[in-house]
Amino acid sequence: MSLFRLISWPYFRRHVLRTLLTTAGIVLGVAVFVGMHAANQSVLFAFSRTVDRIAGKTELQVTAAETGFPEEVLDKVQTAGSVRVAVPVIEAVVDTNLKGQGSLLVLGIDMTGDRSLRDYDLESGDDAVVDDPLVFLAQPDSIIVSNEFAGRNRLSVGQRLTLGTVEGEKPFTIRGVMKASGLTSAFGGNLAIMDVYAAQKMFGRGRSFDRIDLAVKPGRSIGEAQRELTALVGPGFQIDPPSGRGQQFEAMLTAYSMGVNISSAFALFIGMFIIYNSFSIAVIQRRSEIGILRALGATRRQIRWLFLGESAVTGLIGSIGGVAFGVLIAHAIAASIGTLIADVYGVAQRTDEIARTPGLLAIAVAIGVTTSMVAAAIPAMNAARVDPVQALQKGKYQVLSAGESRLRAILALVLGLVSVVCLTTAGSRPVFYVGYFLAIVVALLLSPLLALTLARALRPMLKWVRPVEGALAADSLIQSPRRTSASVAALMLSLALVVAFAGMARASYDSIIDWMNATLNPDLFVLPSPNIVVRTIRFPPAMAGQLAAIPGIRRVQMVRDARVVFRRTPVMVVAVEMKSVAETVTRMPVEGDPDEMYRRAAAAEGLIVSDNLAELQHLRVGDTLEVPAPNGVLRLPLVGIVVDYSDQQGTILMDRSLFVRYWNDDTVNIFRVYVTPGAHVSDVRQRILETFAGQRQVFVLTNGELKAYILKITDQWFGLTSVQIAVAVLVAILGIVNTLTVSITDRRRELGVLQAVGGLHAQIRRTIWIEALSIGVLGLALGYALGAVNLYYILQIVHHDIAGLRLDYEFPVATVVALIPAILGAAFVAAIWPAESAVRGSLVEALEYE
Amino acid sequence: MSVAAAHMIALEHVTKQFAGKRRVTALDDVSVAIPRGEMVAIIGPSGSGKSTLLNLVGGLDRPTAGSVRVDGEALAGLTDDNLTRVRRDKIGFIFQFFNLLPTLTSLENVGLPLHLRGWPRKRVEERARELLTLVQLEARMDHLPDELSGGERQRVAIARALSVYPPILLADEPTGNLDTRTGQEILALVRDLHSRLKSTVVIVTHDMSVAGSCERTIALRDGRIVDDVRRAAPNPTRGEHVALQAD
Amino acid sequence: MSRRMGRAGRVGRAGRIVLLAMALAIHAHSALAQNARQIVEEAQKRTDAKSQRYEGLLQVFDAKGKISDKRWSFERLGSHGNSKAVLRFTAPAEVKGVALLVVNHPDRASDQWMWTPAIERDRRIALQDRSTRFFGTDFSFEDLEERDVDQFDYTLAGDDAVDGSACWRIESRPKESKSSQYTKSVVWIRKDDYAFARFENYVKDQVVRRLNYSDIENVQGIWTARQMEMADLRRGSRTRLTLDKLAYNVPFKDEDFTLQAIRRP
């Protein structure tokens, strides 16, 4: 400790900025980790909390994924011996049309049923929430809102509220205001209650419920009830405690969470690298100090712990800062995840609080400190190895020894070979990941050598541009390969991540465009909601006839898509009129014969699955699939595998008749409309709108609009890339500032000489700028090279482990080009302060500086 | 002591203090004038203020009080960059530790100030070669400082100082880091250049033999001038005010 | 209220919405009773009829004196837990057409359905928490329930006069097996015609609800109160039910007491 106070503290104090920068590395890593995870957790937590609060005393919920099921199931459930009480529920998320209020979660419940499961607080003491329950039931426009919602929007009993329904926007009458309770705070307070049967009508559910909430009879166990109900209602239902919905929600977000994990891991890794570099530099700079300490009797152990202790303190401070900063950015991230989830998965949720789970924060601090200490381990070891005699002699110490370079090269070669071998022996996932890890290690091992080589190659060019400033900048890089490779490697890592993500985005984008062009060829799409992933509002099938009767319409196809549970994974079922679709769309199957595939699927004799589902669930043509449905298990052979991007977890395509039969649901999500040749699409669209005006809420998208919409969603999904880019730019700035502050210290005398022999301030600044830009260039070159490799690995991971998508390798040229000015700009920004500090300060001291 | 504006270097009531825990007065109300073409040695013990004086003349530092004029131009009001321009045009520096840039060859080191002045490459190279020839280092043009002996390094440094044939050469212990023989060679070179180029030379030194070879010797002690002697014909071997030499 | 005490062994469960209306209208006259329990049994027996019809006016007076009126027509076939009844709201406009069908079974809880014309839906009405208010009135669901004579202990607490008629004052306490929101009830039964005259329901030692019977008339041999008023003493509100066009033993058809029937306006 005293060593720490005597030696480290003064060093920190003398190098405030550098200490800050080192800490910033950890702050960055921990902040991204905390921000991403806290946001993710908050979203999951908000969802679970909403589920919880709505669930009340519900012990089990009966659902058929999101498809809903006939009312008769309720009767069956109510007869179960282990059930004390069972009530139906419909949930709908509707647009409030109120500024800044977003959507409202409408809970349809049986007002005349048992209310013991939920505390609606409809009657407390002397005040009834609902003035006249009979009027409430008799009028389908009746709604009860939470006190929070009413307060926020200055609404009171008797006032009107316009909500979107299947029949268009309808005014609802507030007939009650719920008092504050657990329930009213669900969904951020944007909660309303209406009668379940009115909800069926308003939201086009026919005679079905979304869910049955139930409580078990006293003395019966939940497991017992689960078994009894499973036997009673069949395999097409999920009978789980309310928390199960949270798990399903989580499962749906797997791909997203994976992205979050990869991002935070990289951020930490980069943070670790910044620490490693700072400490390596510190050890080199403090060589003579270490030599003196050793000469005075400090043991190697003491020296090692001096550095490890410093790193632990840095890590601790950085982690605390990172946690604070992470919680701050978590708000923004959570908001964007919320939008993403609503737009991509069609699950509306509100995140009002950021989960500050002590566990997460503790883990973050632990990770921060550990990362910092691990990063400092090698420099600390090097410090302990410093020979007191050599250290006290002045001389060159920055140059990579030939031996070390050779060792690095050999190690890189060996590991590179192992990495390649790992790739060729495909099949085992752990081996693949080891190969991936080794590839990155190889890049890190080689980065000083490569940076050196590149810097040497760069020198003549720089010298040609600026004989003095250019040459000196290049020399500065060449003379201190460690210092240089520090920020170059950090930059390389973060750029490699950006390239991989951007490449994945690009590839997905292209694949999605191909898929859209192949499958989405109708002229118009008729939807019940402006959001195509919202499936809680649907059309009756009778509309197909009405549409077909409109002049100018040649063909109408009904589509119903719904998330179901297949092999315990939420996947998407897309039910189409297969025969009609086969006539308008010809998809080349990835596996299977096209004619046979369509013929058997149209005859309801087979199912088609998306290639990602086939990949994730290891399905082959000819396999018999078992899809549990409310009316029994749908058992059919797999007749074809096609490319389909409807869902990240996979898609099952089937003929509409099967869905109607097995799910007892004939509603429609989307009508695909083909226009008669010669008819104007815009005229037909107008006619459709006129036909249903005042009758139904109808949204008509043209082919182009729908595609643009899908691409917009895709963009949002890849919004994560922008976080990566932000991190990359930050890393560039941090790393370069760090390197440059060391560089100007190392070169203080040289810069002094330069000024003494006539260098103007502008010229001194220029040499620093050139150095920064060169680091940027080196980082870009190495980052793009590693990115090319990284992209390959990421695509493999996406294919095999995340979404099962087979994406073509395509280097994201546009992003890469766009990043060049961004990174060079960042480098320039990073150089501003060091350049200024280089021209300040005493020339006399600089010249005497040793 | 009044100083004529025609003097190459003129200091009037110059005081330099260094702030710190204890305020140190390095120069205390010093006035001195050095005419064009004079070769002056400044002597004095460690901490007497001789290097400070040189730094002020060279514009590397600014006085706390008083004025410094170089070739008639007052340095006080100049910006850093204008000060650099004065240095660039009028002053050549020779340092005890040579201060060559280790990554540049002799030729590049010598060309450095010329490049900084924005001379075209070709002209820079011609001049650098000319200067290196002048200091008899034709054979060492493409060598890095590491590959040169101490004397050779100082010659490169001198060549660099002469880049634009400045009217003033300032040397801070130019022979301090060299053995006696090499030191004498370097001194001879400086004297030779002085006589050939008619430059004003100011040498800060401990070495009495160096001082003895100058036309004028100014002795400093505790930041004040304690002696100022001009010799009609400088004696290259011995100075006359041996008594003043403290170390 | 629910004057018709259920037969022994009959388990009366909560949520018999319509019983309110039925019970309110039915009274019995009987021979002399020996003790409190016999008096109650006799009072219940005297309300027997093959069918019943009336038009009701339900008025709720809240603490601020605000009145809301509802009208319904009521038809019942059968009696004593083996009956079917249809209650159809006729006013105000917001609830017009809402109909309730109640099918009472001798051996189990009654089935009830509700028809709401605005969404053209019928629904089963599930059992409610028995202390909940019945559709915003001052009656709780428990107040509407058929009371099982065996689940209460009765004590004759004395004689009293209600509206000028001599009455027995009988205290009834739920047995331990019976869960009730009330600690006890005091019931007044007229000595001359065994008609119920008043109910007071207690929570601990405090009266929380009071039900008054008035305009007691003999309709086709059954002593029936034409007006009943339930006061919720805690809320300070009261609900008055007035019966009009009351008739017993009307010839009804079975098919008028089905789900299909209540869907017809």
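Modeller: In chain B, B:Phe93 has B:Leu170 of strand 7 as its bridge partner. Strands here are DSSP E runs of at least two residues, helices are H or I runs of at least four, and both are numbered from the N terminus. This is a predicted model: local features need pLDDT of at least 70, side-chain atom pairs count only at pLDDT 80 or more, and totals for chains, interfaces and linings use all residues. Residues are numbered from 1 along each chain as its sequence is written, with chains lettered from A and ligands numbered from 1 in the order written.

Colleague: How many bridges join strand 6 to strand 7 of chain B?

Modeller: 4, and the two strands run parallel. Pairing takes at least two DSSP bridges.

Colleague: In what order do the strands of the open sheet in chain B come?

Modeller: 6-7-8-3-9-10, with mixed pairing. Strand 6 (91–94) and strand 10 (224–230) of chain B each have a single partner strand, so one side of each lacks a neighbour in the sheet.

Colleague: What lies across strand 3 (39–43) of chain B?

Modeller: Helix 1 (residues 50–57) of chain B. Helix 1 also lies across strands 7, 8 and 9 of chain B, at about 150 degrees to strand 8. Angles run from 0 to 180 degrees between N-to-C directions of axes fitted to C-alpha atoms, for helices over the stretch in contact.

Colleague: New topic. How many residues does the contact take from each of chain A and chain B?

Modeller: 18 from chain A and 20 from chain B. Contact means C-beta atoms, placed from the backbone, within 7 Å. Helix 26 of chain A gives the largest share of the chain A side, 5 residues.

Notes. Contact = placed C-beta atoms within 7 Å.
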